[in-house]
Amino acid sequence: MVGIKAGHFDRITLVGIGLIGSSVAHMVRQKGLAGHIAVTSRSQESLDTACRLGIADSVTLDQCEAVTGADLVMICSPVSTYGAIMETIAPSLKTGAIVTDVGSVKQKVMLLIEKNIPRNVSWISSHPIAGTEESGPESGFSELFKNKWCILTPSKKSKNKDIKLLKNFWKKLGSVVDVMDAKKHDYVLSITSHMPHLIAYNIANTALTIKKKKDHNIIKYSAGGLRDFTRIAASNPIMWRDIFIQNRENTSEMIDE
């Protein structure tokens, strides 16, 4: 692993290669922030796409193989997968490695990682507050993080030097970085991010339900407001299902408010 100021890693592994993971890979490639980008995914099609896009130096369906020798491991998959991923990769993690993620909810899922993280590995959770309604490796682009917030929520398994290194890495990707505890993060994001998506999903579903009940194609009369809602509601439903489940106390409180 190279010095903190360089913001460079010898080997980065991305576990998952959707919008966020592929955008990270594009920017790492563009900025030369890693000597090697390894990618693992449950889908061979996604791995083939990553190769075709030129954003991976190696790809594999084997998570243990992918993380072996990595200085930075970034989990870029739905939060419901974190527990299984950590159980799988923990024995293969390099001494001194940093493990991070890109999830939108922190307090509960961080504990899943802490339970299985090796003692000699830093676990520092990340949340790049950036995205679109698109998903999959082809949706990524290098400018996604430019001037967007990235919040780090360090755990008890975080080393100060590694927090500085990861903070500098996200800055190199274009992010504006802040650090806060997981409880505050989940409260803040419940109103600024999670509630807007919940409302959008409900409005889009209501419009489709009325269309079906009344047998009228009301959707074709959509004004800009409904189109904006449906754009948000087109986001990955599995990812957002997991977020609502994991942050249900805060989102429930915001609904009451």
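**Entry 1: S142**

I began with the side chain of S142 in this predicted model, and found that a polar contact of 3.2 Å joins it to the side chain of Q30. I then asked where S142 sits, and placed it in the loop between β6, which spans 122–128, and β7, which spans 149–154.

**Entry 2: α7 and α10**

Next I looked at how helix α7, residues 182–214, packs with helix α10, residues 248–256, and noted an angle of about 70 degrees with the axes 9 Å apart. An angle from 65 to 115 degrees counts as roughly perpendicular, and therefore I describe α7 and α10 in that way. I recorded the crossing in which α7 passes α10 as right-handed. For the residues that meet, I wrote down D186, Y187, S190, I191, H194, M195 and L198 on the α7 side, and N250, T251, E253, M254 and I255 on the α10 side.

**Entry 3: confidence**

Finally I checked the pLDDT, whose mean for the protein chain is 88, with 95% of the residues at 70 or more. Residues 1–5 have pLDDT below 50, and I noted that this stretch has 14 contacts in the model beyond near neighbours in sequence.

Terms used. Residues numbered from 1 in each chain as written. Predicted model: local features only at pLDDT ≥ 70, side-chain atom pairs only at ≥ 80, totals over all residues. Heavy atoms only, no water. Helix = DSSP H or I, 4+ residues; strand = E, 2+ residues; numbered from the N terminus. Polar contact = N/O pair within 3.5 Å; in protein donor to acceptor, adjacent residues only side chain to side chain. pLDDT = per-residue confidence, 0-100. Contact = heavy atoms within 4.5 Å. Axes fitted to C-alpha atoms, helices over the stretch in contact; angles between N-to-C directions. Parallel < 35°, antiparallel > 145°, perpendicular 65-115°, else oblique. Left-handed = near helix turned anticlockwise from the far one by under 90°.
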